[in-house]
Every structure is written in structure tokens, then in C-alpha cells.
Amino acid sequence: MGLEKTSGLTIGRGTPGPRNLITDVPGVTVGHATIQDGGSINTGVTAVLPHGGNLFRDKVLAASVVINGFGKTIGLVQVEELGTIETPILLTNTLSVGTAATALIKYMLAQNTDIGRTTGTVNPLVCECNDGFLNDIQGFHVKEEHIFQAIAAAQTDFAEGAVGAGTGMCCLGFKGGIGSASRVVLLDGCRYTVGALVLSNFGGPGRLMIDGRQTGREIQNRPAAEQDKGSIIMLIAVDIPLSERQLKRICRRAGAGLARTGSYYGNGSGDIAIAFTTANRVPHDSPKALLDMKILSDDHIDPVLDLTAEAVEEAIISSLWHAGTTTGRDGHIRRSLREFLNDLPVPLG
């Protein structure tokens, strides 16, 4: 599951959780629906559930940061204003955002029949990257049933690489996709977890950095300056009591992890980070005017910031490591990082 468990590579100095996945944060689950036909169709859906209950009734505190805004995500405006997430988070391809949002609303309506009638409407959170290089994106192959399948499949153990929303993604000249990692942090003698999950689809060939070492320039005879474009969605989950302001600070540190892998957030790249905490909840209906919450002292937040960047960095490398070589639309090919590293005369490590 985790990168260091399969490749011998290590990223950073922090201690991973038991799975080295975002689901090391208690309550978080992830599910996929993968759509492939062995040819031009390579796409799918990934669902991230912050907890197993009714998210509309029991919202999690959250924040987001748009590092570079070449993206079509739905739902960030309300996250920015209210500081909560009230639905599962869906990842899919760019032209399927509308379908995913509609299906997600239907999923929430089935749980909450009062939405839009006796209470407010619901804010679906759907994020995207463009998988059109390997996928027939104009075919609208993601259907509403795939959204329901991904949510129903959510569990603590899940696949990485070319699965779900990551099926058709490309990253830094290699096959990209879904990647995840986690880090353990001790605060006041208690063990907490920072988890990251990415949908990687960014960067030009020849720019990949693995733990500070440039890798992959040999795969294509192209200048390293060839466009940093595409997108990446970075999700960070913690079980640390944080405020929305502190979660926004966490989101900004995702950019440090992204930069370490070789991105400079190019003009044509959509780079978005979303963070949430399972420790602070906001009830949809509260008889009390005042809610009790704990927050971390900013004087003790540095380890969390450090490990957020590290977890995002490893999640990106993990997305490439786990993705197999894929041939897609019009015969386009993106090679597996694992195959490339195995072919190196001097192993990287």
C-alpha cells in the first residue's frame, strides 16, 4: 500500500501510519469506480468519505486553497465561506463534474429528504483533472451509477495508481493517478495522523524529483521547460483539533510537497488543496447557540505543517509508483514509473 513498503524508496523523515494511506485517519474511507474498455476509455471516479455517518447532519471543519486556478471544481465557494464539508468528496475527469455533482446530490437527498424543502440545499464537492490524453473524455463515460458505486465501495484499504479517477491521468511524463500517504505526529503525548490523497495529472516530462533527485529526463527527448500543465487535487485529512484558519494553513503546505516533486504551478495547471479535520464537527441542527471545540495552539503546529508537505510529496510519488503503463486514446502511451526505475542501471534510493 505505502511507497516504502513496496519500492525501498523513502520520502522524508516522518513516520507513516500503519497503512501509509489517508485512511489511517480514523473514520476516513476511500472507494473507486474504474471505467476501462482496453482502448480509448480510461476514466473513473474516486470517492473520499471524511466519516461513515451522515455528513450533511454532521459536517467536518474544512478549508481549501487554490494554488493555481486552472480548474473546474464544484463546491469550493461554500467551503471557503462556511468552513465545512457536508458531502463525500468526489474526484473524476473534467467533463464529468456535472454528472458527478448531480449524482452526489441525489445520494445526499436519499439520506436527507428535507434538503431543499424544510432546510437548506446541499453543497456537493466535486474535483477534477483532465484525463483526455489517455481517455475519450468527450464520450461522457462516467455515469451516475459510477458515482454510487465509488461511494458504496469506500473502505480503509484501497488501491492506488491507475484506478478510479486516476485511471487516465498522466504526471511528469509518466502514468499518474491516485496516490496516498500518511504521517504520525505526537502532540501532548498523544498520537495523531496527517493523511494525504492526490489525483496527480500535472507537470512536464523530465521534471520529476524523487526525494531531491531528478528522475526521468531520459524517457523523452524534450526540454524540461516544456509546459507544467494539467492539474492536481490534494486532499489532506487530520484527526487533530484544528480551526478552519489552521486547516487553510495546512492546505498551503501542500504546495511545498507539490513543488518538491518538480512542479512550479504552471499557467495551465489546476492545483487545488482541500483539508479537513475529523476532530471538530458542526451539527446541521443544533439546539445550542454556542458549540464547544478544541484547537491546536499555533505554537505547536510546525510538526503538522512539516508532515503535511511530506505526506503530499510521498502521495504524489506513490501515485506514479503504483500506476501501470497504460495505452489509451489514439494509441497514446504513458509509462509506469516502477518499470522505468526497474530499468535504471543504477537503482534510485
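A residue is called buried under 20% relative accessible area, exposed over 50% and partly exposed in between, with a 1.4 Å probe and protein chains only. At 18% relative accessibility, Lys-248 therefore counts as buried. The structure is a predicted model, in which local features need pLDDT of at least 70 and side-chain atom pairs count only at pLDDT 80 or more, while totals for chains, interfaces and linings use all residues. Residues are numbered from 1 along each chain as its sequence is written, and side-chain values use heavy atoms, with hydrogens and water left out.

Lys-248 belongs to helix H5; helices (H or I, at least four residues) and strands (E, at least two) are DSSP runs numbered from the N terminus. Contact means heavy atoms within 4.5 Å. Leaving aside neighbours within four places in sequence, Lys-248 is in contact with Ala-63, Ser-64, Val-65 and Glu-80. The C-alpha atoms of Lys-248 and Ala-62 are 7.9 Å apart, although 186 residues separate the two in sequence.

Two strands pair if DSSP finds at least two bridges between them. In general, such pairing takes place through backbone hydrogen bonds, either parallel or antiparallel. Here 6 strands form an open sheet with mixed pairing, in the order E4-E3-E14-E13-E10-E9. Strand E4 (84-85) and strand E9 (177-187) each have a single partner strand, so one side of each is left without a neighbour in the sheet. Helix H5 (residues 244-260) touches strand E3 (58-69), E10, E13 and strand E14 (269-283), and its direction makes about 40 degrees with that of E3. For such angles, axes are lines fitted to C-alpha atoms, for helices over the stretch in contact, and values run from 0 to 180 degrees between N-to-C directions. Helix H6 (residues 302-322) lies across E9, E10 and E13, at about 155 degrees to E9.

Within this sheet, E3 runs antiparallel to E14, and 11 bridges join the two. Lys-59 stands opposite Val-282 in E14. E3 also pairs with E4 in the antiparallel sense, over 2 bridges, with Val-60 opposite Ile-85 in E4. Strand E10 (residues 190-202) and strand E13 (residues 230-238) are antiparallel and joined by 9 bridges; the bridge partner of Gly-195 in E13 is Ala-237.

The interior comes next. A nonpolar core is a set of buried Ala, Val, Leu, Ile, Met, Phe, Trp, Tyr and Cys residues joined through side-chain atoms within 4.5 Å. The largest such core has 46 residues, of which Leu-208, Ile-210, Met-234, Ile-236, Ile-240, Val-304 and Leu-337 touch the most other members. At least two residues of this core come from each of E3, E9, E10, E13, H5, E14, H6 and helix H7 (337-342). H6 supplies the largest share, 10 residues. Not counting residues up to four places away in sequence, Met-234 touches Ile-67, Leu-197, Val-198, Ala-254, Leu-258, Ile-272, Ala-273, Ile-274 and Val-312. Another core, of 29 residues, lies apart from the largest one and includes Val-25, Ala-62, Ile-178 and Leu-199.

There is also an open sheet of 4 strands, ordered E1-E2-E5-E6 with mixed pairing. Strand E1 (29-36) and strand E6 (125-129) are its edges, each pairing on one side only, and the twist averages 15 degrees from one strand to the next. Strand E2 (residues 42-49) and strand E5 (residues 89-93) run antiparallel and are joined by 3 bridges; Val-48 stands opposite Ile-89 in E5. Helix H3 (residues 97-111) packs on the sheet, touching E5 and E6, and makes about 160 degrees with the direction of E6. Helix H4 (residues 144-152) lies across E1, E2 and E5, at about 140 degrees to E1.

Most residues other than glycine have a negative phi. Asn-20, in the loop between helix H1 (3-6) and E1, has a positive phi near 55 degrees. Asp-211, in the loop between strand E11 (209-210) and strand E12 (213-214), has a positive phi near 50 degrees. Asn-20 counts as buried, at 0% relative accessibility, whereas Asp-211 is partly exposed, with a relative accessible area of 44%.
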